[in-house]
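Biologist: Hello! Could you walk me through the charged pairs here, one question at a time?

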Amino acid sequence: MSDVSQSVLIVGGGIAGLSTALTLHQLGIPCRVFESAEEPRPLGVGINIQPNAVRELLALGITEAELDAIGIQSREWALVGLNGNDIYAEPRGLLAGYKWPQYAAHRGELQMLLYRKVLERLGPDAVLTGHQGIGFTQNDDATITAHFNTRPSGESASYTGKLLIGADGIHSAIRAQMHPDQPPIHWGGTIMWRGVTRAKAARTGSTFLGLGTEDRRLVIYPISQPDENGLSLINWIAEIRNVSEEDWQKTGWFSEVAITDFLHYFTDMKYDWLDVPGLISQGTVAYENPMIDRDPISTWASGSALVLGDAAHPMYPTGSNGASQAIVDARNIGACLLQHGLTPAALTAFDEAFNGPVNDVVLRNRGDGPFGLLGLVEERCGGVFDDINTVLAEEERTAFMKRYQTAAGFARDALNSTPPIIPADQYS
């Protein structure tokens, strides 16, 4: 067991854990990150970084130029019916009047950017790789000890600190110890296939596009700047719902599959402005996985331990705010530590302030989040129409979207007028 220190132990080196480390360093709070991978690599596919999270990345000293290098600023969010006609479209980011842009990026490249920043600022030993968190012990002297299996040796290791932050994802061992009777992972019957294709981006050149119906839909958006030929990396997610439990058991976690295994579900989605089957078939690789989350838990804090990010509130990607919420979590726990010091009271304050509202977003995303408009249109006309206003009035569509944006914490006027989570004069 290592010597007792005054540091914060962060279990998990993903977006949540690394954002937390950068935040604590900015505040002069010592910390160390423990990552299960022996060598972090840029895994994953596309994500959206909402303006509320971009604001916090910029506050961490990450520049727009650095974000431009790993992604592209979003210009539009749009839903389209089965015959290719618009259901709803709105500008995003700066074009929508936000003070900060919205980005679409490769999840792994964002993680690696944060990883490099942690090593640059906190030092080369700030992240201990090959450390799989397996649990913790609350000590009588008000410290906490985190326990690990190390890779590749399989030997055990323990480290003691003042507080422990569990940022170890949907399969969190920290959460499991806090809530040993938690229900199993929740699956709502949807299978996703994810991939990327280098192609010309549709519509504005940086549009987040949702297409289809409640049970069969596509999400398509670019995650890179166009190259010299005008081609971008296009992230696509193909989904079908009402898959049997038996079929889910066959499905691995991001297991690689042949595109021909699922392309037949989407061959009719071909329009003069977008060839969906052509786009998917040109992908270099496809990964299959179930759309999953966990039932909300009543508390994220236990004594000197706290979970955040996906360890606290894994959610369906229907609202494009999982990564954004992880970044905002990191900043909010930093603000609580500033107010309450390195004490369990800081963790309790974070839990009391955000557990309820964020869990509401988890449950809202189960109802398809903003994609619920596709279900409404399908109910009323089967998804095929000439004029959306004869199916769903503009006022109804706009109100639906505003309710979701408010719940998810990135409604424009509220965000623009909200002071920074951590004032700059608090930085060390």
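This is a predicted model: local features need pLDDT of at least 70, side-chain atom pairs count only at pLDDT 80 or more; totals for chains, interfaces and linings use all residues.

Modeller: Residues are numbered from 1 along each chain as its sequence is written, and side-chain values use heavy atoms, with hydrogens and water left out.

Biologist: How many salt bridges does a search of the whole structure find?

Modeller: Side chains of opposite charge can pair when their charged atoms come close. A salt bridge needs a side-chain nitrogen of Lys or Arg within 4 Å of a carboxyl oxygen of Asp or Glu. Searched throughout, the structure gives 14.

Biologist: How many residues apart in sequence are the parts that Glu 56 and Arg 331 tie together?

Modeller: Their side chains meet in a salt bridge, N to O, at 3.0 Å. Glu 56 sits in helix α2 (residues 51–59) and Arg 331 in helix α8 (residues 322–340), so the parts tied together are apart in sequence by 275 residues. Helices here are DSSP runs (H or I, at least four residues), as are strands (E, at least two), numbered from the N terminus.

Biologist: Which residue forms a salt bridge with Arg 216?

Modeller: The closest N and O atoms of this pair are 2.8 Å apart. Arg 216 belongs to strand β15 (residues 216–222), and its partner lies in the loop between β17 (255–257) and α7 (276–281). That partner is Asp 268.
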